[in-house]
Amino acid sequence: MEQRRRNWHLWAGFLLCVLGLLSYPLLFVRWPVTRDVPWANFVILAVGLGLLISGLRRAYGQSQQFQGRIAGPILGVLSLAVVGFFCFLVFFASKQLPKAAGAPKIGDKAPEFSLRDTNNNEATLASLLAAPLPNSAAPPKGVFLIFYRGYW
Amino acid sequence: MRGVQERLGEIEQLGVRPVAISVDSPEESKELCRKAGYTFPFLSDPNTTAIRAYDLLHKGAGASGHDVARPAEFLIDSNGVVRWVNLTEDFRVRARGDEFLAQAKQLK
């Protein structure tokens, strides 16, 4: 009996789905154009799902020639789970932020603070507004405060 | 932050100082700055006093369940008055370097 061919569409499709998920935090988050709307990841995931569908059609439609009637559904479910997880992260999880209704508004006096810089020196809002910028003798016209989540 | 660092020269030329604030310790921030090449001030707010004063506390959202800041950007003028606020609704979507530059230009 003739050996049935390996159904590589299934495996490539699954691997692309995994790549489509992992490449966001590892790569595409670096550039605003691929970060804010993760279109590059959607392209990879779509190609992955397309290959999977093609692989499943081969496994069932041309089962004389191709393998994959067992691996196909398993890889298909796993890939859908990966795609679903990615969609959950970018459409839901990353939007779960507190409202910050009490944050200072335009025209408000900015709350003073006293924190430590990376050399353990004290830094206050007043001191940040008073100390000259690098390569300048005059105090700054303003300060951007950029609050971020932190990495540890 | 990457966007700010890329436009740092231009932002400082306009007389504005970017300052980053998080719950990370000074040592952790120092390590981040070294790795990522950030050369503007990074401040440490482990007790979330400034973060709470700006109503930005995101309870339990840290990697180990600790409180962190929700992302937010403010422009404060030399009188200590808020001139611009950006409260993103999605922590993946942050103000870009161009936006900081445009806001710095507005400040006379």
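In strand S5 of chain B, B:Leu75 is the bridge partner of A:Phe144. The strands named here, like the helices, are DSSP runs numbered from the N terminus, with at least two residues (E) for a strand and at least four (H or I) for a helix. This is a predicted model, in which local features need pLDDT of at least 70 and side-chain atom pairs count only at pLDDT 80 or more, while totals for chains, interfaces and linings use all residues. Residues are numbered from 1 along each chain as its sequence is written, and chains are lettered from A and ligands numbered from 1 in the order in which they are written.

Six bridges tie S3(A) to S5(B), residues 72–77, and the two run antiparallel. Strand S1 of chain B, residues 16–22, is also joined to S3(A) by six bridges, this time in a parallel arrangement. Two strands count as paired if DSSP finds at least two bridges between them. On the S1(B) side, A:Phe147 stands opposite B:Ile21.

**A helix residue in chain A**

Now to A:Val83, which sits in helix H4 of chain A, residues 71–91. Because 20 other C-beta atoms lie within 10 Å, A:Val83 is buried. Beyond its neighbours within four places in sequence, A:Val83 is in contact with A:Cys17, A:Leu45 and A:Leu49; contact means that the C-beta atoms, placed from the backbone, lie within 7 Å. A:Ala12 is 71 residues away along the chain from A:Val83, and their C-alpha atoms are separated by 15 Å.

Most residues other than glycine have a negative phi.

| Residue | Phi |
|---|---|
| A:Ala100 | near 60° |
| B:Asp55 | near 55° |

A:Ala100 lies in the loop between H4 and strand S1 (114–116) of chain A, and is buried because 20 other C-beta atoms lie within 10 Å. B:Asp55 is in the loop between helix H4 (49–53) and strand S3 (57–58) of chain B. With 17 other C-beta atoms within 10 Å, B:Asp55 is partly exposed.

Key:
Buried ≥ 20, exposed ≤ 12 C-beta atoms within 10 Å, placed from the backbone. Contact = placed C-beta atoms within 7 Å.
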